[in-house]
Amino acid sequence: MKISNKSPNMVSFKNLSCGEVFKDEHSNYCMKIELDGDANMIYLSDGALHCADDEEMFERVKCELVVEN
C-alpha cells in the first residue's frame with residue numbers, strides 16, 4: 001500500500017522557523033536549527049547536520065514530541 005499526501009504544505013527553507021520539522025525530498029524528517037558552522041538543519045533519524053539553501057522547498061509537517069518514562 002502506498003500512502004501519499006495529496007496536498008502537502010510546501011514551503012521554502014527561509015520561511016521555516018527554527019525548531020520547525022519538515023520532510024526532505026527523500027521523506028527524511030528534519031528540523032531547522034540556528035546556523036552552526038555551515039549547518040542549518042538536522043536529520044532527526046540520526047542527528048546528522050546538513051545545510052539547506054534558503055530557496056529550497058520542503059514539506060512542512062506537524063509533529064509532537066512524546067517523552068515516556
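Cys18 is partly exposed, at a relative accessible area of 40% (buried means under 20%, exposed over 50%, partly exposed in between, with a 1.4 Å probe and protein chains only). The model is predicted, so local features need pLDDT of at least 70 and side-chain atom pairs pLDDT 80 or more, while totals for chains, interfaces and linings use all residues. Residues are numbered from 1 along each chain as its sequence is written, and side-chain values use heavy atoms, without hydrogens or water.

The structure holds zero disulfides (pairs of cysteine sulfur atoms within 2.5 Å). For Cys18, the nearest cysteine sulfur is that of Cys51, 13 Å away. Cys30 is buried, with a relative accessible area of 0%. Its closest cysteine sulfur, in Cys63, lies 12 Å off, too far for a bond.

Two salt bridges are present (a side-chain nitrogen of Lys or Arg within 4 Å of a carboxyl oxygen of Asp or Glu). One joins Glu55 to Lys14, with the closest N and O atoms 2.9 Å apart. This pair links distant parts of the chain, 41 residues apart. Glu55 is partly exposed at 49% relative accessibility. Lys14 is also partly exposed, at 44%.

The other salt bridge pairs Glu20 with Arg60, again with closest N and O atoms 2.9 Å apart. Glu20 lies in the loop between S1 and S2 and Arg60 in strand S6, so parts 40 residues apart in sequence are tied together (strands are DSSP runs of E, at least two residues, numbered from the N terminus). Arg60 is partly exposed, at 27%. Beyond its neighbours within four places in sequence, Glu20 is in contact with residues including Cys30 and Arg60 (heavy atoms within 4.5 Å).

How values were computed:
Helices (H or I, at least four residues) and strands (E, at least two) are DSSP runs, numbered from the N terminus.
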